[in-house]
Amino acid sequence: MKAQELLKYFNEDLFILDVKAKNKDELLAELVDRFVEKSYIKKSDIVLEMLTQREKLGSTGIGKGIAIPHGRTTSASEVMIAFARSKDGIDYEAIDSKPVHLVFMIIAPPQDENNMYLPILGKIVEILNKSKNRKTLLSIESFVEFIDFLAEA
Amino acid sequence: MIKKELELLVALQDLDMMISDISEVKRLGFEAEGEDNLLKAREELISKISKSLLYSYEKLKKHYKRAIVPVKEDNTCLGCFIKLPTSLSTKGRADSEVIYCEGCGRILYWL
Ligand SMILES: [Zn+2]
């Protein structure tokens, strides 16, 4: 999978350069609320429950200031990805105990046509593993810059 | 807090999908060691859902992999893509009763 193929899953509605959240629970709630507010999902509690259970399996704060909360839910009809950034850092109980600055939240439907969910998840991990990419994401100032970044990643 | 039975069933399916994805997610480099926690959460959910509904869920799951399917705003079942009658969607959107698709027989969840 190429990074460019990810472009269609992002939307300016779900792009937040300065999240308010200070910890994991606040962050998950803030992002899920955004999905509801922009009518991408109907109700927050089912998605929030799914993401909270996912964290019980192991933190999606995978280290190096990154968190990728993710999961399939019956309350979604398509794959959607929210991007959020925190300048101050979020206490996310990450595996390296460091604060999280970059967040990609991936919500997937129970079945998607070409089963894209896991390849998408893998591609995002791959992109964020490169320190050059993390640095760029920490410095972008707009959704347009973000899209330009993905198109070239 | 999830209270309605249909929503509890949706949460159960979400949990079951998560459990079946564990090995793939680990392969991608995520930490996923707490399977016991999910199984415990599953037991708790099951205790709040009626036996008859659980029976249909398990039976449909064997046949289709996903027992519950979302219904899009235009009333299309995302399992078999038939268009459902509007009379059903009024009831369905209230999430207060369990409705089965006339086309594929799966449990419907209105988005
Ligand atoms: Zn159907």
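Modeller: The expected span is 1.5 Å times one less than the number of residues; helices (H or I, at least four residues) and strands (E, at least two) are DSSP runs numbered from the N terminus. This is a predicted model, in which local features need pLDDT of at least 70, side-chain atom pairs count only at pLDDT 80 or more, and totals for chains, interfaces and linings use all residues. Residues are numbered from 1 along each chain as its sequence is written, chains are lettered from A and ligands numbered from 1 in the order written, and side-chain values use heavy atoms, leaving out hydrogens and water.

Buried residues (under 20% relative accessible area, 1.4 Å probe, protein chains only) in H2(A) include Ile46(A), Val47(A), Met50(A), Leu51(A) and Leu57(A), as well as Gln53(A), Arg54(A) and Glu55(A). Within chain A, the buried residues of H2(A) pack against helix H1 (24–37), strand S4 (70–72) and strand S6 (100–108); in chain B, their partners are helix H1 (5–27), helix H2 (35–46) and strand S2 (107–110). Contact here means heavy atoms within 4.5 Å. After H2(A) comes Gly58(A), with a positive phi near 160 degrees.

The C-alpha atoms of chain B fill a box of roughly 45 × 30 × 25 Å along the principal axes.

How values were computed. Buried means under 20% relative accessible area, exposed over 50%, partly exposed in between (1.4 Å probe, protein chains only).
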